[in-house]
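Let's take a walk through this protein together, one piece at a time. Have the picture open while you read.

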Amino acid sequence: MTQKVAVLGTGKIGEALLSGMIRAGWAPADLLVTARRPERAEELRARHGVTPVTNAEAAKTADTLILTVKPQDMGTLLDELAPHVPADRLVISGAAGVPTDFFEERLTPGTPVVRVMTNTPALVDEAMSVISAGTHATAEHLAHAEEIFGAVGKTLRVPESQQDACTALSGSGPAYFFYLVEAMTDAGILLGLPRDKAHDLIVQSAIGAATMLRDSGEHPVKLRENVTSPAGTTISAIRELENHGVRAALIAALEAARDRSRELASGNNG
Ligand SMILES: NC(=O)C1=CN([C@@H]2O[C@H](COP(=O)(O)OP(=O)(O)OC[C@H]3O[C@@H](n4cnc5c(N)ncnc54)[C@H](O)[C@@H]3O)[C@@H](O)[C@H]2O)C=CC1
Ligand SMILES: O=C(O)[C@@H]1CCC=N1
């Protein structure tokens, strides 16, 4: 029997996932989407050949519901869905912070819930998605979530207690790298390079470094040491990074992201 999957609240993450599923071989005819604005729903139909439906229709029709609205919108969406979701549906949440018991308390008792934190490199099939089971989710439900998110990159199972930390590392992680590239490109401008050249130099260096991190099997410290010549240029830069507390800043930044994920769990929308 064909398994229908619905993506509810198809914004940036929902569309990235949807497009990856289609690239991986899912038939658009088996994919349903919901959106708040009718123009957005039509855009998704035109771009991907998927079927826009209402949230209630998705709940009644799809075997798996993937909820990709903002954490702050999840309560309202669940109020709308709850009367229509039979307990045999798999509900997957892609929202930061919101724990599985938030869903379990609002849906039909026994509904299996899986919590996933993915990231935007889903757009290029290089996502990192961390997956946790709620109370009623079985190994089969986890495998199904892995199959879906495996379409857009790597997956890793973690206990739900680690989800907020994973959100800080990999959920938000791409933003830190984009921020670093932006800052290093500015440095190139200061050093007199045209912006486009500075951008290309830094991006290719990032791609090279990322490929070495993934493929060389070497520890990052060793890779950095290999670049750092005695009395050379790199150590002069590293001394400035240490003087400015960049390592401590990164540790504090990720701790703040973890804390914010926890706050989202308690419904703090500020
Ligand atoms: N942007 C990112 O890098 C990541 C985001 N996430 C999580 O993914 C979720 C979505 O984030 P984005 O895609 O960035 O946000 P987004 O704002 O692009 O997408 C959310 C969409 O949900 C729609 N929506 C809200 N309430 C709705 C309702 N009741 N019915 C139908 N549609 C509704 C909105 O109109 C919007 O298009 C969030 O929960 C976020 O925590 C997870 C990992 C990474
Ligand atoms: O900033 C956020 O809250 C979302 C969750 C992880 C990445 N973006």
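This is a predicted model: local features need pLDDT of at least 70, side-chain atom pairs count only at pLDDT 80 or more; totals for chains, interfaces and linings use all residues.

Start in the sheet: Val 116 stands opposite Ile 131 in S7. From S7 the chain crosses through helix H6 (residues 139-150) to S8, and this β-α-β crossover is right-handed. Right-handed here means that, with the strands pointing away from you, the path from the first strand over the helix to the second runs clockwise.

Residues are numbered from 1 along each chain as its sequence is written, while chains are lettered from A and ligands numbered from 1 in the order in which they are written.

**The sheet**

In what order do the strands of the open sheet come? The order is S3-S2-S1-S4-S5-S6-S7-S8, eight strands with mixed pairing. Strand S3 (51-52) and strand S8 (153-157) stand at the edges with a single partner strand each, so one side of each has no neighbour in the sheet. Two strands count as paired if DSSP finds at least two bridges between them.

| Strands | Sense | Bridges |
|---|---|---|
| S1 (residues 5-8) and S2 (residues 31-34) | parallel | four bridges |
| S5 (residues 90-93) and S6 | parallel | three bridges |
| S6 and S7 (residues 127-133) | antiparallel | four bridges |
| S7 and S8 | parallel | five bridges |

Val 7 has Val 33 in S2 as its partner, and Val 91 has Val 113 in S6.

Now look at strand S6 (residues 113-117). Why is S6 described as largely enclosed by the rest of the structure? Because five of its five residues are buried. A residue is buried if 20 or more other C-beta atoms lie within 10 Å of its own, exposed if 12 or fewer, and partly exposed in between, with C-beta atoms placed from the backbone. Both faces of S6 are covered: Val 113, Arg 115 and Met 117 are on one side, with Val 114 and Val 116 on the other. S6 also belongs to a right-handed β-α-β unit, together with S5 and helix H5 (residues 100-106). Strand S7 is mostly covered as well, with six of its seven residues buried.

**The core**

The largest nonpolar core has 53 residues, and Ala 6, Leu 65 and Leu 67 have the most contacts inside it. Helix H1 (residues 12-23) gives the most to this core, with five residues. A nonpolar core is a set of buried Ala, Val, Leu, Ile, Met, Phe, Trp, Tyr and Cys residues joined through C-beta atoms within 7 Å. Touching, or being in contact, means that the C-beta atoms of two residues, placed from the backbone, lie within 7 Å.

**A listed site**

For "binding site", UniProt (unreviewed entry) lists Asn 55. Asn 55 sits in helix H3 (residues 55-61). Is Asn 55 buried or exposed? With 22 C-beta neighbours inside 10 Å, Asn 55 counts as buried. Among the residues that Asn 55 touches are Leu 8, Thr 34 and Glu 80.

**Two domains**

The domain assignment, which comes from an automatic or database source, gives domain 1 (5-162) and domain 2 (173-264). Their C-alpha centres lie 33 Å apart, and seven residues of domain 1 are in contact with five residues of domain 2.

UniProt's unreviewed entry has its own label, "domain: Pyrroline-5-carboxylate reductase dimerisation", for residues 160-264. That span is 82% helix and 0% strand.

Helix H7 (residues 163-171) has several buried residues, including Gln 163, Cys 166 and Gly 171. The buried residues of H7 pack against S6, S7, helix H8 (173-190) and helix H12 (246-265). Helix H11 (residues 233-243) lies largely in the open, because zero of its 11 residues are buried. Just after H11, Gly 245 takes a positive phi of about 70°.

Note on methods
UniProt positions are given in the numbering used here, feature names are shortened, and annotations may be inferred rather than shown by experiment. Helices (H or I, at least four residues) and strands (E, at least two) are DSSP runs, numbered from the N terminus. Lists of a residue's contacts leave out its neighbours within four places in sequence.
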